[in-house]
Protein chains: 4
Amino acid sequence: MEKIKSVIHEEPTLTDPILVEGLPGVGNVGKLAAEHLLDQLKAVKLADIYSVHFPPQVVLDDDGVAKLVNNEVYYSKSEDGSRPDLLIVVGDFQGLTPEGQYDISDYLLQMAMKYNVKRIYTLGGYGVGKILDDPRVLGAATSLELVEEMKEKGVIFSKGEPGSGIVGASGLLLGLGKIYGMDAVCLMGETSGYFVDPKGAEAVLRILSSLLNVEIDFTDLESKAEQIDAIASKLKEMETPQLDEAPPEDLRYIG
Amino acid sequence: MEKIKSVIHEEPTLTDPILVEGLPGVGNVGKLAAEHLLDQLKAVKLADIYSVHFPPQVVLDDDGVAKLVNNEVYYSKSEDGSRPDLLIVVGDFQGLTPEGQYDISDYLLQMAMKYNVKRIYTLGGYGVGKILDDPRVLGAATSLELVEEMKEKGVIFSKGEPGSGIVGASGLLLGLGKIYGMDAVCLMGETSGYFVDPKGAEAVLRILSSLLNVEIDFTDLESKAEQIDAIASKLKEMETPQLDEAPPEDLRYIG
Amino acid sequence: MEKIKSVIHEEPTLTDPILVEGLPGVGNVGKLAAEHLLDQLKAVKLADIYSVHFPPQVVLDDDGVAKLVNNEVYYSKSEDGSRPDLLIVVGDFQGLTPEGQYDISDYLLQMAMKYNVKRIYTLGGYGVGKILDDPRVLGAATSLELVEEMKEKGVIFSKGEPGSGIVGASGLLLGLGKIYGMDAVCLMGETSGYFVDPKGAEAVLRILSSLLNVEIDFTDLESKAEQIDAIASKLKEMETPQLDEAPPEDLRYIG
Amino acid sequence: MEKIKSVIHEEPTLTDPILVEGLPGVGNVGKLAAEHLLDQLKAVKLADIYSVHFPPQVVLDDDGVAKLVNNEVYYSKSEDGSRPDLLIVVGDFQGLTPEGQYDISDYLLQMAMKYNVKRIYTLGGYGVGKILDDPRVLGAATSLELVEEMKEKGVIFSKGEPGSGIVGASGLLLGLGKIYGMDAVCLMGETSGYFVDPKGAEAVLRILSSLLNVEIDFTDLESKAEQIDAIASKLKEMETPQLDEAPPEDLRYIG
């Protein structure tokens with residue numbers, strides 16, 4: 001079997017679209033943010049991407065219908081040119097091995113180049129080991145000019161954070177994209193690393209909506225965040241003091 | 001060496017055969033069921049499938065004659081057209097890696113397409129962590145129509161079961177088969193997950209025999225089940241109370 | 001880099017040579033036996049086989065000269081036709097992964113076929129978990145006729161031994177060799193599994209010398225065996241009673 | 001994606017350059033030494049080498065600009081012919097798997113052959129498990145003649161050190177280089193294995209500067225060594241007596 005197999009559903013005409021990626025990772029911040037963006041924009045599925053680098057697994061919907069695990073590419077055309085066209089990548093899993101990670105990110109970039117993508121935003125979480133009321137959004141970018149541009153939008157660039165760099169698709173799309181001549185930015189919402197974190201996703205998406213000039217209704221994310229907060233509060237009442245301590249070293253990277 | 005190497009023993013002419021798969025997994029439910037079906041139908045070996053994705057190992061028969069571990073494809077022609085022709089896949093092992101799992105399932109599907117297979121039944125176990133007198137048969141399928149068809153035959157579709165989806169060949173043949181346009185159903189017999197489970201295999205096979213319109217003598221499986229029951233009873237007498245508790249999370253998937 | 005890279009030193013003309021393999025494994029029985037045979041026959045190096053499937057490592061000789069780890073193929077021509085010509089495979093390591101094991105064994109068989117090899121003897125150890133004064137030599141073969149032939153030479157075929165089959169090159173050369181139409185026998189010397197075991201190697205080699213009609217001086221192996229016996233006796237005196245107990249399950253296979 | 005992807009920045013004309021390699025390993029001795037050499041010679045970057053065999057990761061500079069992890073090849077031309085031209089390999093990581101190690105070392109050697117490299121020096125550390133005031137430099141080489149030549153320069157060749165051979169790029173460039181007909185030497189600076197070790201790097205570089213006839217200012221390395229010494233002394237005061245004991249077996253190899 002070929003290592004990556006895609007099923008193309010549509011071949012839209014897009015004008016210099018921006019690629020947005022949000023796959024599973026720390027706090028699932030990137031995945032939540034990208035999926036919320038996709039819902040808000042009523043984006044349309046362009047391709048299913050299957051790979052031997054994903055787990056050999058089907059997932060079931062509530063009716064019992066099986067779907068092979070995959071990544072999915074959606075698109076959203078601007079109706080009036082007030083914002084850029086978008087390609088949005090979401091999915092069940094990231095590649096299971098380093099080689100798989102590279103293969104899949106490279107595949108996505110080849111597809112992006114076909115659509116003349118010149119800029120990429122990758123979304124992720126930055127595990128800080130404590131629950132924050134007001135998570136910052138940290139950044140990394142492929143050039144100093146981009147760093148300056150992002151600082152003006154409120155993205156924090158903090159020396160030594162994240163110290164170990166950025167692991168996974170959110171990092172590779174920057175690293176490989178840079179080699180292919182694309183501008184790319186990683187937006188990382190602070191998150192405890194203990195829970196799925198809609199609050200971190202909202203922080204990331206507030207920056208991204210400004211960058212993309214799209215309006216987003218955050219009601220759904222906010223109500224999810226309240227549910228998580230309620231759970232976290234209960235856990236605090238049960239006096240598990242380690243919640244405010246540093247997480248294990250290996251949670252300190254980005255998904 | 002090529003990743004998969006097959007030795008073809010026969011090239012029968014079959015009419016739209018149905019593919020049945022039963023490889024090792026939880027409780028070896030699928031393997032027991034497929035092997036019993038194969039014995040009952042006196043199915044004939046069509047191909048041996050060897051692969052670098054299997055363990056580098058030979059197994060010995062009682063005389064000391066060695067055989068490289070493999071998967072095997074058998075066929076059974078309907079004598080009078082009262083039931084469909086069948087291809088049956090059994091074997092010693094599943095692929096050792098995710099990539100191996102994908103490669104082998106894809107190879108089986110390529111072979112299936114050559115024989116014009118349009119429907120697949122994969123057989124497996126669903127580990128529930130306790131010994132059941134009357135195991136249910138849970139299902140998953142590639143379309144809502146198939147789900148409805150299976151419900152009429154007594155297959156249970158239960159939201160959130162199995163929660164983690166279906167891992168291995170029984171899942172991949174559905175997921176990849178769906179992409180290739182085949183109808184596929186996974187039948188999962190409930191099993192404790194602690195023993196090889198002929199009772200779970202019998203439950204699966206009772207549904208399958210109805211689906212395939214074949215008559216099956218269950219005497220052998222039933223006597224094997226009694227032996228296992230006897231062992232289980234003794235263990236219960238020895239008061240190992242954890243037998244009725246939930247199994248570790250990672251036993252809750254399908255082989 | 002190609003997965004396997006060989007450097008051919010000679011291309012001798014051999015008459016239907018028999019292939020003998022002895023690579024590292026339980027008790028290093030096969031390796032010791034093949035290396036002793038090679039020394040006794042003053043066999044000549046035919047090829048060095050390097051592979052990405054071996055560890056990324058050089059070993060040093062006593063002078064500090066480095067050699068990339070490898071497998072080596074030697075040959076020995078019969079001077080007077082009283083015994084068959086031989087190809088002998090020895091080496092530092094076996095392939096590190098299942099796929100590596102398959103690739104290397106297949107590569108050796110392709111080379112064997114070029115020299116018209118029709119019969120293979122693979123040498124290994126069978127871990128029994130206790131120190132034996134008089135180790136048996138167990139066998140496995142590719143056909144019932146070969147099993148009968150070997151029994152006449154004193155090889156033991158014991159139902160269920162080894163229960164888990166034969167793992168590694170000693171198994172694969174049988175399994176793959178059988179597919180390629182070669183006769184192959186695995187000779188396994190019983191060994192504790194705790195020490196490098198020259199006594200097990202001698203037992204294997206006594207059978208093999210009879211099969212090949214070669215005379216072998218066992219002095220070296222016997223003096224090595226005495227050294228190991230001395231060490232083992234001292235350990236027994238120190239009362240480590242577990243020495244006579246069964247080894248962990250995973251030592252019960254063949255290297 | 002191809003397994004190794006390089007970006008060539010310059011294609012200099014070099015006269016029989018010598019290849020020097022220093023990648024991460026025990027005490028980072030080789031990496032520190034090669035990077036110091038590179039700084040001292042103001043070497044110029046020739047190529048970036050990216051690979052699926054490296055971690056799927058970007059690292060960030062102090063400004064937040066991301067770079068895909070890689071190996072880098074620099075060159076330095078002799079201005080007056082008083083010393084050889086050089087190619088210097090440094091990097092963030094070594095290949096993550098054995099196959100990756102082989103692929104990358106082979107790739108470097110193919111590049112070296114294009115530039116007519118006939119001699120290689122690989123730099124590494126030899127973990128001895130205690131802090132030494134005056135670390136020795138141990139050697140390994142591809143021929144006895146080279147061993148003799150190195151002994152005259154003060155390199156120690158000590159039978160059985162390192163006992164397990166040399167693992168990683170520093171070993172493979174010798175082993176594969178030898179097959180390709182290149183002369184190669186590994187210089188290993190003794191190091192505790194507990195710290196990044198500029199003192200070990202200085203010892204290696206003092207030998208190498210004599211071999212290459214280059215003058216090197218060691219001030220930077222010496223001040224780094226003093227910092228590490230200060231830390232080590234403090235730890236000693238805190239009475240952690242195990243600092244002088246042998247390290248775990250698996251620290252005893254070369255990076």
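Predicted model: local features only at pLDDT ≥ 70, side-chain atom pairs only at ≥ 80, totals over all residues.
## How the copies relate

Residues are numbered from 1 along each chain as its sequence is written, chains are lettered from A and ligands numbered from 1 in the order in which they are written, and side-chain values use heavy atoms, with hydrogens and water left out.

## Chains without contact

Contact here means heavy atoms within 4.5 Å. No contact joins chain A and chain C, and their closest C-alpha atoms lie 16 Å apart. Chain B and chain D are not joined by any contact either, with 16 Å between their closest C-alpha atoms.

## The largest pocket

Now for the open space. On a 1 Å grid over the protein atoms alone, a pocket is an open set of points with protein on both sides within 12 Å along at least five of seven lines, and lining residues have an atom within 4 Å of a point. The largest pocket has a volume of about 880 Å³, a volume being the space filled by probe spheres set on the points, which are joined across faces, edges and corners.

How many residues line the largest pocket? There are 28, and Thr97(A), Glu99(A), Glu99(B), Glu99(C) and Glu99(D) lie nearest its centre. Helix 2 (98-114) of each of chain A, chain B, chain C and chain D supplies at least two residues of this lining; helices are DSSP runs (H or I, at least four residues), numbered from the N terminus. The lining divides into 12 nonpolar, 8 polar and 8 charged residues. Here Ala, Val, Leu, Ile, Met, Phe, Trp, Tyr, Cys and Pro count as nonpolar, Asp, Glu, Lys and Arg as charged, and the others, Gly among them, as polar.

## Salt bridges

Side chains of opposite charge can pair when their charged atoms come close. A salt bridge is a side-chain nitrogen of Lys or Arg within 4 Å of a carboxyl oxygen of Asp or Glu, and the whole structure holds 71 of them over all chains.

One of them pairs Lys199(A) with Asp229(A), at 3.2 Å from N to O. This pair links distant parts of the chain, 30 residues apart: Lys199(A) is in helix 5 (residues 198-212) of chain A and Asp229(A) in helix 6 (residues 219-237) of chain A. Buried means under 20% relative accessible area, exposed over 50%, and partly exposed in between (1.4 Å probe, protein chains only). Lys199(A) counts as buried because its relative accessibility is 19%, whereas Asp229(A), at 30%, is partly exposed.

Definitions and conventions
1 Å grid on protein atoms, 1.4 Å probe; cavity = no way out; pocket = protein on both sides within 12 Å on 5 of 7 lines; lining within 4 Å.
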